[in-house]
Amino acid sequence: IHGVHVVPSERKRDQQKISSYQEKFTQKCTSSGINGDFAVDVGKVPRIISRRARWTDLVVISLNYPPAPRPISRLSSGLSTLIRRCPRPILAVPGPATALERPLIAYDGSPKAEEALYIGAHISSTWNKQLVVVYIQEQGKTPANTLAHAKQYLNDQGAQAILLERHGQVAPQILKTASEYECDLIMMGGYGFNPLVEIALGSAVDEVLRSSQIPVLVCR
């Protein structure tokens, strides 16, 4: 595990505070039997994390500051910027870590949702976990046989899954399904529209990040 603490400038580098962060990080790694290293970098958080992510396969961050609902706030959101720039999936964690028992995949057949499906299949087949896969049919959109593809792929991978089709607004249905099935992780694709459209109209990804009480894995 590679830990990084980002400061905006050298003047903000508090050695005592950084030492306490490093000590806590090292203790956590040691107690878990995991090799880890800790670094301090200077600059903007999204840029630093995106650059360092090239040499990793997953970015884990705290979900302390989800994208706000107002367009001007979304424009300046560090997490939104990171999701757009980061070359790796991002696991946003809103609170203390919990055991992974039942992941939910929000699947719409898009390339980014396909990555969520691939990762979910690996989790299920490797650790014998049952997935919940939900496809949201939005009003006014042409129905698609999207779940059939997901079902075939998961069967081929030996993954266990409950497949559901729901109707309505995407984010509320994802959150409702996760609650109903007592899921402990939401997996979904990242932003899919033009960034300017998403800033103006909002995104299901942002809404899930604002409201979720469980970790959210946003895939590229």
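A: Let's begin at Asn128, which is exposed because its relative accessibility is 58% (exposed is over 50% relative accessible area, buried under 20%, partly exposed in between, with a 1.4 Å probe and protein chains only). The model is a predicted one, in which local features need pLDDT of at least 70 and side-chain atom pairs pLDDT 80 or more, while totals for chains, interfaces and linings use all residues. Numbering starts from 1 along each chain as its sequence is written, and side-chain values use heavy atoms, without hydrogens or water.

Asn128 lies in the loop between helix H5 (111-127) and strand E6 (helices, H or I of at least four residues, and strands, E of at least two, are DSSP runs numbered from the N terminus). Its phi is near 55 degrees, a positive value although Asn128 is not a glycine. Most residues other than glycine have a negative phi. Glu182 is another non-glycine residue with a positive phi, of about 50 degrees. This residue sits in the loop between helix H7 (170-180) and strand E8, and Glu182 counts as exposed because its relative accessible area is 66%.

Seven strands make up an open sheet, ordered E3-E4-E9-E8-E5-E6-E7, with mixed pairing (two strands pair if DSSP finds at least two bridges between them). E3 and E7 (160-167) are at the edges with a single partner strand each, so one side of each has no neighbour in the sheet. From one strand to the next, the twist averages 20 degrees. Helix H6 (residues 146-156) packs on this sheet, where H6 touches E6 (130-137) and E7, and the direction of H6 makes about 175 degrees with that of E7. Contact means heavy atoms within 4.5 Å; axes are lines fitted to C-alpha atoms, for helices over the stretch in contact, with angles from 0 to 180 degrees between N-to-C directions.

Further inside the order, E5 (residues 103-106) and E8 (residues 185-189) run parallel and are joined by three bridges. Here Ile105 stands opposite Met187 of E8.

Ile61 is buried, because its relative accessibility is 16%. Beyond its neighbours within four places in sequence, Ile61 contacts Ile49, Leu79, Leu82, Ile90, Leu91, Ala92 and Val93. Gly43 is 18 residues from Ile61 along the chain, and the two C-alpha atoms are 17 Å apart.

Ile49 brings us to helix H2 (residues 45-53), whose buried residues are Pro46, Ile48, Ile49, Ser50 and Ala53. They pack against E1 (2-7), E2 (37-42), E3 (59-62) and helix H4 (78-85). E1 and E2 run parallel and are linked by six bridges; in this pair, Val4 stands opposite Ala39 of E2.

Leu79 and Ala92, two of the residues that Ile61 contacts, also touch Leu209.
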